[in-house]
Amino acid sequence: MDTPQSLYSAESVRELDRQTIAALEIPSIQLMKRAGRAAFKHLQAQWPDIGRIQAFCGGGNNGGDGYVIAALAAQKKIPVTVYACTEPGKLKGDAREACEYALREGVQVLTSLAELDNADGNTLIVDALLGTGFSGALREDVAHAVERIKKSPGPILAVDIPSGLSADTGTADLAVHADMTVTFIGRKLGLYCGRGPALCGEVQFEDLGAPAQAYCDVDVSVHRYTAEGIKRLPVRAADSFKNQFGHILIVGGDSGFGGAALMAAQSSARAGAGLISLATRPEHLSAALTRCPEVMAHPVISGQELEPLLEGPTVIAVGPGLGHSPWSEQLLARAGRAEVPLVVDADGLNILSEGRVLAGVKRNDWVLTPHVGEAARLLGCDTADVLVDPREAAAAVQEKFSGVVILKGAGTLIAHDGGVDLINSGNPGMASGGMGDLLTGIVAALIGQHLPLVEAARLAVWLHGEAGNRAAEDGQRGLLATDLLPWIRRLVD
């Protein structure tokens, strides 16, 4: 099993740069030239027939990388022009030396966007305006350059990180939308969470020859898990029987929301749970039995009626379609007192956030699965506050409630006592109703099959996203949550 990838903050990456330069005993300009050569290598491999290049270079080291790329293009007789946000005479240090390198190779450097020809579909844009040090709002001249890049009909290569994207949080207002990002030394957290996955395109990593010791004493922000690094379920023994693989109780489905609880039950079944029970409103019983007769559906009209159903399950998932009524609060209160692992989602989280039910409760044996809005309610803040730093928000929810927290998104974050993990899985077609209910059922099923909570969360997030990818092979628009069910079954083994 592969180890997870380390994701770093901008400050940690700067420390990695310093450690690498010291360990290799090279001048910093040599590391810059390595970065430029690495990016140019990917440029040529991805777009071997490109007609010309326009490089947009800032005044810092990121701009210096862009000048190196421009010089290398000129050496290959590729027509190249640089737009310089900072006049060459005002550049300092390595950026100035890189600019002089480009000028020696005959690269045309312009300091006015008005002088720059309009790019066509055969023009590749190199975005080297801003690097990992960016924060806050774009300067006016940089903003104009970013707007110009965004209008380009040709491909865009971002150097280290798309300009305007925060390396630490993945937040962005006005930013470059790249087709490929070549990043160096350390993978930046912002490339993989928040707006990062939408803005970076394909991410290529180059360590530039950094030795292993350079990474030893540098803080890691997040561990990113890919398919190869996630622990799977063991092969079942030939004499297996159903009671070995968990009895999952799904609690939810208030009036008008019965489908959510049923989908959670179905996904739990397809993820391998041995037994599945469903506690829901009486009017949903016939639909549940028709849709999935394998589920043991029970009519429940009060928290008191739920009580006897809590004795058999090994895992309880509460929240899908739970609603926001006295019935909903009673069921959450009773389920929350059960002495088995819990998975809490949707309206279960919304009720929890109000503080009347399970007030002040912290549990090591539950998994909370909020989206951004639900996380904001749990923390008593605005959604915008969560989006400013999703990693910090996930960690804050976990600190407040304990257990494991799955903050859902394009880069889903899993916060636990050991830190924060990240998994990129899924596609935009999954932005439709019912997807979160499936995830709830999968998490519960995996816990029922004896995976520790953190490992169950990792596998569930990957499995859910990959099932979405397989189901979307015929198109993302119109993708339904139930389209994932056959793929969940195929992938769980």
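Me: How many bridges join strand E17 to strand E18, and which way do the two run?
Reply: In this predicted model, three bridges join E17 (residues 404-407) to E18 (residues 412-416), and the two strands run antiparallel. Strands here are DSSP runs of E with at least two residues, helices are runs of H or I with at least four, and both are numbered from the N terminus. Residues are numbered from 1 along each chain as its sequence is written, local features need pLDDT of at least 70, side-chain atom pairs count only at 80 or more, while totals for chains, interfaces and linings use all residues. Side-chain values use heavy atoms, with hydrogens and water left out.

Me: And which residue is the bridge partner of isoleucine 406?
Reply: That is isoleucine 414, which belongs to E18.

Me: What order do the strands of the open sheet have?
Reply: There are twelve strands with mixed pairing, in the order E8-E1-E10-E19-E18-E17-E16-E15-E14-E11-E12-E13, where two strands pair if DSSP finds at least two bridges between them. E8 (187-188) and E13 (296-299) stand at the edges with a single partner strand each, so one side of each has no neighbour in the sheet.

Me: How about E12, what joins it to E11?
Reply: Five bridges join E11 to E12, and these strands run parallel; valine 251 stands opposite alanine 279 in E12.

Me: Are the residues of E12 buried or exposed?
Reply: Six of the six are buried (under 20% relative accessible area; exposed is over 50%, and partly exposed lies in between, with a 1.4 Å probe and protein chains only), so E12 is largely enclosed by the rest of the structure. Leu275, Ser277 and Ala279 point one way, whereas Ile276, Leu278 and Thr280 point the other way.

Me: Changing topic, at what angle do the axes of H3 and H4 cross?
Reply: The axes of H3 (residues 61-75) and H4 (residues 93-104) cross at roughly 15° and come within 8 Å, each axis being a line fitted to C-alpha atoms over the stretch in contact, with angles from 0 to 180 degrees between N-to-C directions. That makes H3 roughly parallel to H4, a label for angles under 35 degrees.

Me: Which residues of H3 and H4 make the contact?
Reply: Among them are Tyr67, Val68 and Leu72 of H3, together with Ala98, Cys99 and Tyr101 of H4, where contact means heavy atoms within 4.5 Å. The residues of this contact divide into nine nonpolar, three polar and one charged; Ala, Val, Leu, Ile, Met, Phe, Trp, Tyr, Cys and Pro count as nonpolar, Asp, Glu, Lys and Arg as charged, and the others, Gly among them, as polar.

Definitions and conventions
Parallel < 35°, antiparallel > 145°, perpendicular 65-115°, else oblique.
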